[in-house]
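Here is a friendly walk through the two ligand sites of this structure. Have a look at the sequence and the model, and then read on.

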Amino acid sequence: MSIMMGCPKMRAAALSVFYLIPVLLAGPADYVGAEACRPCHAANFTSQSNTSHARALAPSSPSQHGDWAFGAGLQAITYVTRIDRESYREDGLTWYRSLNGHAITLGQHDEKGVIFRTFDPAARILKCFACHSTGPLSLGKEDEVIPHELGVRCEVCHGPAAAHVSDPAHNPLRTPAQLTAAAMNRFCAQCHRTDSETGEELTDLRDFRNARDQTLRLAASTCFRRSNGRLNCLTCHSPHRELDQNASSYDVRCQTCHANKVHRQPVAGQACVSCHMPRIPNGPYLSFANHRIAVYSLGNPILPARAQAAR
Ligand code: HEC
Ligand code: HEC
Ligand code: HEC
Ligand code: HEC
Ligand code: HEC
Ligand code: HEC
Ligand code: HEC
């Protein structure tokens, strides 16, 4: 296998799987980068540049470990180091916001880190770069992986934009808002999903590793299934703005469909999502809002109370 993966054609094929682009035939030249949008869309450029999306990947700064810093720091930053021509290491220590310090990287057992071969059939390191960057990956000197543009930027959602930039009137761009709710789930699930080590999607809603699988969990909620496509990611998230961490700000989104919901017990003063989208821990230092909107009992943020009763 390693000999096959060493052949340039196979490597090109391995990389192309992770282009993650809507137009499969687009190449690097079709991606112009966020900076090119600034002159005409200054407001979207400025606000999007401050999102975790935009900051999801950066070269490590001198005060950080490794060569690459993955994660914007909303919850964590994991360092990745190039070892030699054939391999990268996911470092054993990750910086966690909840600790304001370093601890063992989620999924690892000690500080040594884990080595990934670049052209391993599971392509884990290529996938790290693909989900945390924009446009096609390429290979540099000695098979160094080179992301086209750092972070999740404009062309992930709007598609390659070279033609638009040179003649906007004749080359309109798409936006994910044009997708149906189910298609938007699939679109965001290019990255917002959980995979096993072999690359298969994990789909068990009781699995804590799926805490972060917003697309899977939202699709499983009654709100999504019974609202005829009116509920999607954009109902609650602005694509060009940083995540809103004020829980009460989501109340108005719920109330577009649940105006005047009367509870048996008083709930006034508390955010809807604090009870109906409780945070699920994933490892000791991370937690994710449960996107399977439902009624939960205290102490079980993963399985709706009704599903528990039915078991
Ligand atoms: C030279 C100016 C210019 C540049 C550069 C430019 N745009 Fe535009 N863009 C426009 C104009 C003008 C429109 C409105 C076109 C229309 O309505 O016919 C537009 C519309 C859009 C739309 C709206 C599509 C819709 O139907 O709502 C999106 C999305 C967009 N641009 C994204 C981008 C992105 C991403 C970039 C950078 C890669 C970019 N634009 C660069 C001028 C520009
Ligand atoms: C190319 C991969 C990719 C795609 C496609 C993608 N995301 Fe993300 N998203 C990420 C990554 C990586 C992060 C983590 C940023 C961090 O904290 O390091 C993230 C973080 C987020 C966050 C939390 C932080 C923030 O910046 O607000 C939200 C909300 C989000 N994404 C929504 C969406 C939605 C909605 C879609 C689909 C319209 C989408 N994403 C598509 C990769 C992607
Ligand atoms: C399938 C796409 C995908 C792959 C592959 C991927 N990431 Fe991410 N990563 C994301 C998304 C999406 C988020 C945002 C998580 C969230 O908030 O739901 C994220 C978040 C992170 C974070 C912030 C902390 C956290 O867990 O939320 C770190 C650190 C990170 N990724 C590192 C890595 C590293 C290192 C690799 C490779 C070993 C990797 N990622 C592979 C999509 C991906
Ligand atoms: C996570 C996906 C995502 C990313 C990344 C993204 N956009 Fe958008 N964009 C959207 C969606 C969805 C819409 C539809 C309107 C809305 O929901 O705000 C949109 C609408 C637009 C529009 C139409 C006018 C408007 O504001 O409604 C422009 C222009 C635009 N985006 C430019 C950009 C530029 C420039 C960048 C990068 C700096 C960017 N977008 C990054 C998803 C994204
Ligand atoms: C686009 C409309 C829509 C939005 C937005 C929405 N819901 Fe729902 N929700 C529904 C529908 C439809 C049902 C099913 C009601 C029924 O069949 O009686 C539902 C059901 C529920 C249920 C019962 C779940 C179950 O499994 O029985 C709860 C709890 C709930 N919603 C809370 C919320 C909260 C909290 C928010 C905001 C975070 C929200 N919803 C946002 C449409 C929506
Ligand atoms: C009904 C409202 C609602 C919808 C719809 C929704 N989200 Fe969220 N999302 C939230 C809330 C609330 C949070 C937690 C915000 C905080 O940190 O306080 C959140 C947080 C996130 C985060 C940060 C990590 C986490 O899980 O806590 C990501 C990434 C994200 N959402 C992605 C998505 C994607 C992708 C979709 C579409 C599949 C989506 N969301 C649909 C309400 C929503
Ligand atoms: C303190 C926790 C708490 C808060 C805050 C809360 N809820 Fe609830 N909610 C519950 C519980 C428990 C139930 C089930 C018992 C009941 O109906 O009173 C429920 C039931 C519901 C249902 C009906 C579920 C069904 O099976 O029919 C909806 C819809 C709902 N809530 C929406 C909301 C909205 C919208 C908000 C914010 C305005 C909100 N809730 C705030 C705890 C809460």
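## The iron site of ligand 2

In this predicted model, two histidines coordinate the iron atom of ligand 2: His-53 and His-192, each through NE2, at 2.0 Å. His-53 sits in the loop between helix 3 (42-49) and strand 1 (57-59), while His-192 belongs to the loop between helix 7 (181-188) and helix 8 (214-220), so the pair ties together parts that are 139 residues apart in sequence.

What arrangement do the donor atoms around the iron atom of ligand 2 form? There are six of them, and the angles they subtend run from 85 to 179°, which makes the arrangement octahedral. For six octahedral donors, the ideal angles at a metal are 90 or 180 degrees.

## The surroundings of ligand 2

Ligand 2 is surrounded by 20 residues, and the closest are His-53, Ala-72, Cys-188, Cys-191 and His-192. By type, the shell holds 11 nonpolar residues, eight polar ones and one charged one. Both domains take part: domain 1 (2-174) and domain 2 (178-310) each give at least three residues to this shell.

Several polar atoms of the protein can be picked out here. Two of them belong to the backbone: one in Ala-72, 2.6 Å from an oxygen atom of ligand 2, and an N or O atom of Ser-52, 3.2 Å from an oxygen atom of the ligand. His-192, one of the iron-coordinating residues, also has a side-chain N or O atom 2.8 Å from a nitrogen atom of ligand 2.

Which side chains place a polar atom 2.8 Å from a nitrogen atom of ligand 1? One belongs to His-41, and another to His-164.

Conventions:
Residues numbered from 1 in each chain as written. Chains lettered and ligands numbered in written order. Predicted model: local features only at pLDDT ≥ 70, side-chain atom pairs only at ≥ 80, totals over all residues. Heavy atoms only, no water. Polar contact = N/O pair within 3.5 Å; in protein donor to acceptor, adjacent residues only side chain to side chain. Donors = N, O, S within 2.8 Å, 3.2 Å for Na, K, Ca; no water. Tetrahedral: all angles 85-135°; square planar, octahedral: opposite > 155°, others 65-115°. Helix = DSSP H or I, 4+ residues; strand = E, 2+ residues; numbered from the N terminus. Near = heavy atom within 4 Å. Nonpolar A, V, L, I, M, F, W, Y, C, P; charged D, E, K, R; others polar. Domains from an automatic or database assignment.
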